Amino acid sequence: MLSDVTLDLPVRPVLPALVAALDAAGAGILVAPPGTGKTTLAPLAVADRVTGRVVIAQPRRVAARAAARRMAELLGERVGDRVGYAVRGERQVSRATRVEVVTTGLLVRRLHHDPELPGTGAVLLDECHERQLDADLALAFAVEARATLRPDLWLLAMSATPDTDRFAGLLGGSTPAPVVRAESALHPVQRVWAPPARPIAAPGGGPVDRALLDHVATTVRRALRERDGDVLVFLPGAGEIAAVTGRLADLRDAVALLPLHGRQRGSEQDAALRPADRRRVVLATALAETSLTVPGVRVVVDAGLSRVPRTDLARGLGALITVRVSRAAATQRAGRAGREAPGAVYRCWSAATHERLPARPEPEIATADLTGFALELAAWGRPDGVGLALPDAPPAAAMAVARDTLATLGAVDADGRITGRGRAIAAAGAHPRLARALLDGAGLVGAERAAEVVALLAEESAAGPGDDLVAGWRRLRAGADAGATARWRAEVRRLRGALPAGSPPPGRATADAAGRTGSPEASGPAGSGGLSDDLAAGLLVGLAYPERLARVRRPGGAAYLMTGGTAAELAAGSGLTGSDWLAVAVADRTPGAPSARIRRATPLDEATAREAAGPLLSTRREVGWSDGDVVAREVTRLGAIVLQERRLDRPDRADVTAALLTGLRQDGLGLLSWTPAARALRERLAFTRHHLGAPWPEVSDEALLAAAPTWLGPELSGARRRADLARVDVAAALRRLLPWAQAAQLDELAPERIAVPSGSRIRLDYSDPAAPVLAVKLQETFGWPAAPRIGGGRVPVLLHLLSPAGRPVAVTADLASFWRTGYPQVRGELRGRYPRHPWPEDPTTATPTRRATPRRR
């Protein structure tokens, strides 16, 4: 077949060495930069040497179709002759087909169906460096199938990056597989560093800085002025593509502006890959990084960003995060400009920034939802993946969540081994959640409608624009886009065929479902039992994602609460706004955002929500602390959504006590009424604990809350609400903390008052347990040789000596020293100010007094 191609590409000289290496070792690695022809010429060279069909796996459908068309074009044939392709919902092959391009997911399914791959002579894994989940699985399964069942099968991994040691070891086992390299691209690509004039905010979960989008549009205009040929612009997502397209709208008369991203229909994607009658600007996501040749492109403008998925394991939601492109991906993107002629790449960052970029992108296995991945491993007989040629082990936390999900679906047993139901789910060839909806929903809404909705859920872009799932369903039925409808119908047939024999015929529904009808406009097909499309779709979405059933927070609003506990919102202006219930098919949540954004949903009613998420439905008696008081109620919930509640008049006493204790722990001891006597007693107890230790009780907030069942027990047993706590005699309750012997000693060791020489009994201040304070007028302490001591004589009282007006004049715990050194100065300063009060020269022998000398008449 290669001899039928006259095109000379850089990879061609190394193809004889490649075929020889495969002939000798049976496995190998081909490393070739973008634009060298590895995707189109290597399969043809291999087909010349093997007797069976050559299957080449691509990570994306658009790339698979494009590669097949390119090879067929080089051979001067139609697709489906010697070169064909197969992707989800679409296949063009014939008996004459020698090279078949498939997606990696389809190859994985074929390996499950028959690991020997009968009739296949070679498997080529293209773009293996991208590290998508299906690509990792295809590699691991193919390596094991070749080692155990098909030693004659040729296995070739193809990569555009030179980091091949890991793959060589995986393919070769004990002896690394040979690596063949095509060193140079076909045409040189000039690098132009074009950073913005001012710093741009770092990417993350929020929108891309508008200033960067302005700069990208400006750079595109510059490239159009300075260079010839079409321009390929790399942007992180469809939103940014639309934004930059809008900024370039005034160029439409002279330039065709063509988007290229994963949400488009296949016909729209293919349009960007065809030459036009005028100059083009193709604005693309990472979809165009590899395998695709966009004809006519001589210039690449790279925004330097990429959008990657992240999975919120706790919420079961995905998110798309904007990150800086890796150096390897930047090289891939630049190579698009040199495929057909010398070109240029305008990078919207500096050379210094380039050196700080990550070397390569993060593999999908590190960030993705692994539910389907875990089921594939279980179906292969390796639930943990141990012993398989996986480039990286899956993260333990993500695998644990995946196994829990599969166990809930009944797909695996307690040991992670696949069950019979799990094999039926795996055979459906869809995400396990969608397969569950197909299998269980067929008996509720009919096999045909179940297959239609699941096919729609499996291909997000098939429904077209908008967030109304059922509206997209109707568009596909009506054939608004003939190509999209044809692919959808093909997937529906495949899913219908995946149902076990004996599945209910199209349109059959349960009697319960038949009783719930929608509007005439929304009614299902004849024979459906009257179940509306909205309800049928809602039921199927709910079976797939029960934690995403959502009820509106306020009537007529756009804010919802999902059964999984996550807040969610519809986009402004959504036609679904105000629906009482939604079954959310697609939602994502940006890290740090207060709520998830609903991308695709359908209305349903409460009865259908209850049916879809039956295991989440519960009715419980709840006695707890809520909004600052005891709440006793019987609550019916669907997950986190309260469906119904009623007050309990006679809640269990122990539950009420537990709720009051929870309230004390949450809101603090301030719920109790702390009278001056209670505070004073607590401070005296703190003093004894500080200086004497156990068994004197600890009375910090933490200790009192921990011991609340003991010292507040009788009061709590009779309390029913918060107000009862405010009536507790806290001082009396605190005394329960004291053992009998300590209770008898408290007044002696930590007296509430102390008698001073004047005869007054003055209250001690224990607010500082380390140093209790006695605030007393200086004249009342005359004759006191030393400060009193408490705590069994261990602790001197800190005297705050006051003037006749009650103002502090001295602070001391050593009264004898004060009489000698401090008092003479105080006497000299104050006796003139307070002449009616005694100021003796020797206070140790003077008579103490509380009164001033009467005025003379």
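**Close-up 1. A parallel strand pair, β27 with β30.** In this predicted model, β27 and β30 run parallel to each other and pair over five bridges. Pairing here requires at least two bridges found by DSSP between two strands. Helices (H or I, at least four residues) and strands (E, at least two) are DSSP runs, numbered from the N terminus. Look for Leu774, whose bridge partner in β30 is Leu799. Residues are numbered from 1 along each chain as its sequence is written. Because the model is predicted, local features need pLDDT of at least 70 and side-chain atom pairs count only at pLDDT 80 or more, while totals for chains, interfaces and linings use all residues; side-chain values use heavy atoms, with hydrogens and water left out.

Close-up 2. Axes are lines fitted to C-alpha atoms, for helices over the stretch in contact, and angles run from 0 to 180 degrees between N-to-C directions.

Close-up 3. Strand β30 (residues 798–802) pairs with β31 in the antiparallel sense, over four bridges. Leu801 sits opposite Ala810 in β31, and Leu802 has Pro808 of β31 as its bridge partner. Five residues lie between the two strands, and in this hairpin Gly806 takes a positive phi near 85 degrees.

**Close-up 4. Leu107 and the largest nonpolar core.** This core has 105 residues, and those with the most contacts inside it are Leu107, Phe141, Leu171 and Phe373. Helix α5 (residues 133–148) is the top contributor, giving nine residues. A nonpolar core is a set of buried Ala, Val, Leu, Ile, Met, Phe, Trp, Tyr and Cys residues joined through side-chain atoms within 4.5 Å. Buried means under 20% relative accessible area, exposed over 50%, and partly exposed in between (1.4 Å probe, protein chains only). Leaving aside neighbours within four places in sequence, Leu107 is in contact (heavy atoms within 4.5 Å) with Val55, Ala57, Val102, Val123, Leu125 and Ala138. Elsewhere there is a second, separate core of 61 residues, which includes Leu685, Leu746, Phe782 and Val797.

**Close-up 5. Helix α4 and Thr103.** Helix α4 (residues 104–113) has Thr104, Gly105, Leu106, Leu107, Val108 and Leu111 as its buried residues. They pack against β2 (53–58), β3 (83–87), β5, β6, α5 and α12 (371–380). Thr103 belongs to strand β5 (residues 99–103) and is buried, at 10% relative accessible area. Not counting residues up to four places away in sequence, Thr103 touches Gln58, Arg60, Arg61, Ala86 and Val87.

**Close-up 6. Helices α16 and α18 crossing.** Two packed helices are described by the angle between their axes and the distance between the axes. Helix α16 (residues 447–458) and helix α18 (residues 482–498) pack at about 125 degrees, with axes 8 Å apart. That angle makes α16 oblique to α18; under 35 degrees counts as roughly parallel, over 145 as roughly antiparallel, 65 to 115 as roughly perpendicular, and the rest as oblique. The crossing is right-handed. A crossing gets that name if the near helix is turned clockwise from the far one by less than a right angle, and is left-handed if anticlockwise. Among the residues making the contact are Ala451 and Val454 of α16, together with Trp488 and Leu495 of α18.

Close-up 7. Most residues other than glycine have a negative phi, and most peptide bonds are trans. Arg131, in the loop between β6 (120–125) and α5, has a positive phi of about 60 degrees although it is not a glycine. Arg131 counts as buried, at 7% relative accessibility. Asp627, in the loop between β22 (617–626) and β23 (629–638), has a positive phi too, near 55 degrees, but Asp627 is exposed, with a relative accessible area of 80%.
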